[in-house]
Amino acid sequence: MSSANEPADPIAKGILPTAKQSLKDLFIWKQRVVVRNDYGEEHTEWQSPEPLKNPISLFAQLSARDWLYFVVGFLSWTADAFDFHALSIQTSELAKYYHRSKTDITTAITLTLLLRSVGAAMFGFAGDKWGRKWPMVANMIILGLLQIATIYTATFQQFLAVRSLFGLFMGGVFGNAIAMALENCPTNARGLMSGILQQGYSFGYVLAACASLGVGTAPSAWKKVFWGGAGFSIGIGLIRILFPESKQFIAARAAGKQAHAPGVFWQETKKMLRQEWKMCIYCIILMTWFNYYSHTSQDSYTTFMKTQKELSEDASKRASILMKTGACVGGTLIGYFSQWFGRRRSIICSALISACLIPAWILPTTERGLSASGFMIQFFVQGAWGVIPIHLNELSPPAFRSSFPGITYQLGNMISSPSAQIVNAIAESHFVKSRKSGKSREAYGPVMGIATAIIALGIAVTAALGPEKKGREFETVGPPVAVETKDIEEGRGSEEKVEARRVEVAEKV
């Protein structure tokens, strides 16, 4: 069936041609889209962005089952963020409890982020091979148990060891959560749902800050927050047991029949890496920038308000809550907006606006001023982040939609893992005069401001030169298809059989 849209040049191949084409397309309102007809033939055409639809009508397109998958994916990501920020918000309290510097405590954040990439690979591949359900159940329950283990660590070394294990299991949440939540969404609702989903991270921060504010400032009060996080994570794991596997995974496995054959998944993984290595590297670079963006602008912000700005414990936590409320609002709105404006344009504009807001972010001295400026900058920081779940899903190789986003995200996390330590180490070794008391204070504001400006520009350039696949169909793809087990074991024509079987399954679906 012919299309009424204007034909476009094919998607460029190679690093420089892709960068050149991507930069040019950024200034063309229409979207270059690859279209497949009923016979499996592909062509490239220009498509005009669909006008933004009423969010209520988009919500109505999701069935009750789709909402169930989405809500559990959102809550899983929220629990993951709560568990992580339960530590970062209380850096000062933990430093006093273990009689260590704040930089020493942020070592735990570094170790957590380092090992998240390993967990992303383990649980992401498990999600693509065996389904989204049981890897997520194991993830969430073990996360809760490790939160409890953190409470009972008697020494700083034990604390670091448990938080390292925590990072291993924390890494598996993102890929399976966004795959389960978004692959069930209708195409034109994905921008909005992606923005809402990503704000599970900010919502987790808000909940952790509220819990920290509620338990008070007693020396062991932080343990109550960790108990809350443990119950949250284990509860989500138990809820996930109660409903079935993702329908896309079930349909793809039913079509492939032999998708679970030993050896096929790893054969397909190696083939994907051979063919898609440039996309993998690009997404890792993009997610490295993004993880620096997030952690540099938020992990030490509460400490910044308490030390350099000399706010009280409660005031700094209230300002943190309002800051991340801005993140929730911005991520949702800009994720929704990206469905019309484009993924990359939304990311670039958000990053550049956040860079312009940096002076207003770090200069105020009052709780109200810091709350308002924190709200606005995180509106755009997490606004750019709100596009990421769907952008990564659309860039992912079809059969690896659980593992690819999680692994690239967590490898970026791993590379950016020293961010909190870097900020704390530089800030603790440089001092500025407090405008409030006139005393010398650790220079958190200038350090975070300069770093965030550099990172925002890096994101804008990387997104401008990278690909975009907005509107890509999710419904016709699933886990890797397999060849017969006997052929794999005997090594007979596996490449040809995999390709033939792939075509057969694509035709059936």
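To begin with, what does Arg441 count as by its relative accessibility?

Modeller: Arg441 counts as partly exposed, because its relative accessibility is 27%. On this scale, buried means under 20% relative accessible area, exposed means over 50%, and partly exposed is what lies in between, with a 1.4 Å probe and protein chains only. Please keep in mind that this is a predicted model: local features need pLDDT of at least 70, side-chain atom pairs count only at pLDDT 80 or more, and totals for chains, interfaces and linings use all residues. Residues are numbered from 1 along each chain as its sequence is written, and side-chain values use heavy atoms, with hydrogens and water left out.

Now for the partner of Arg441. Its side chain meets that of Glu310 in a salt bridge, with 2.6 Å from N to O. Arg441 belongs to strand S4 (residues 440-442) and Glu310 to the loop between helix H13 (301-307) and H14, so this pair ties together parts that are 131 residues apart in sequence. Glu310 itself counts as buried, because its relative accessibility is 18%. A salt bridge here is a side-chain nitrogen of Lys or Arg within 4 Å of a carboxyl oxygen of Asp or Glu. Helices (H or I, at least four residues) and strands (E, at least two) are DSSP runs, numbered from the N terminus.

Glu310 has another point to look at, its backbone. Its phi is near 60 degrees, a positive value in a residue other than glycine. Most residues other than glycine have a negative phi.

Let's follow the network pair by pair. The structure holds 11 salt bridges. One of them links Glu93 and Lys317, whose closest N and O atoms are 3.4 Å apart. Since Glu93 sits in helix H4 and Lys317 in helix H14 (residues 313-341), the pair ties together parts that are 224 residues apart in sequence. Another salt bridge runs between Glu313 and Lys306, where the closest N and O atoms are 3.0 Å apart. Lys306 is buried too, with a relative accessible area of 15%.

H4 covers residues 91-98, and Thr91 is in it. Thr91 is buried, with a relative accessible area of 3%. If you leave aside neighbours within four places in sequence, Thr91 is in contact (heavy atoms within 4.5 Å) with Lys102, Ile105, Thr106 and Thr303. In the loop between H4 and helix H5 (102-130) you will find His99. His99 counts as exposed, because its relative accessibility is 72%. Its phi is about 55 degrees, a positive value although His99 is not a glycine.

For contrast with the charged pairs, turn to a nonpolar patch on the surface. Ile15, Leu16, Trp277, Ile281 and Ile285 form it, with about 540 Å² of accessible area together. Helix H1 (15-25) and helix H12 (264-298) are the elements that give two or more residues to the patch, and H12 has the largest share, 3 residues. Leu16 lies in H1 and counts as exposed, because its relative accessibility is 69%. Patches are made of residues with over 30% relative accessible area and no salt bridge; like charges are joined within 9 Å, and nonpolar side chains (Val, Leu, Ile, Met, Phe, Trp, Tyr) within 5 Å. The areas come from the Shrake-Rupley method with a 1.4 Å probe, and for residues only the protein chains shown count as cover.

One last stop is helix H19 (residues 403-415). At 1.5 Å a residue, its 13 residues should span 18 Å, and its end C-alpha atoms are 18 Å apart, which agrees. The expected span is 1.5 Å times one less than the number of residues. In H19, 10 of the 13 residues are buried, so the helix is largely enclosed by the rest of the structure. Among the buried ones are Phe404, Ile407 and Tyr409.
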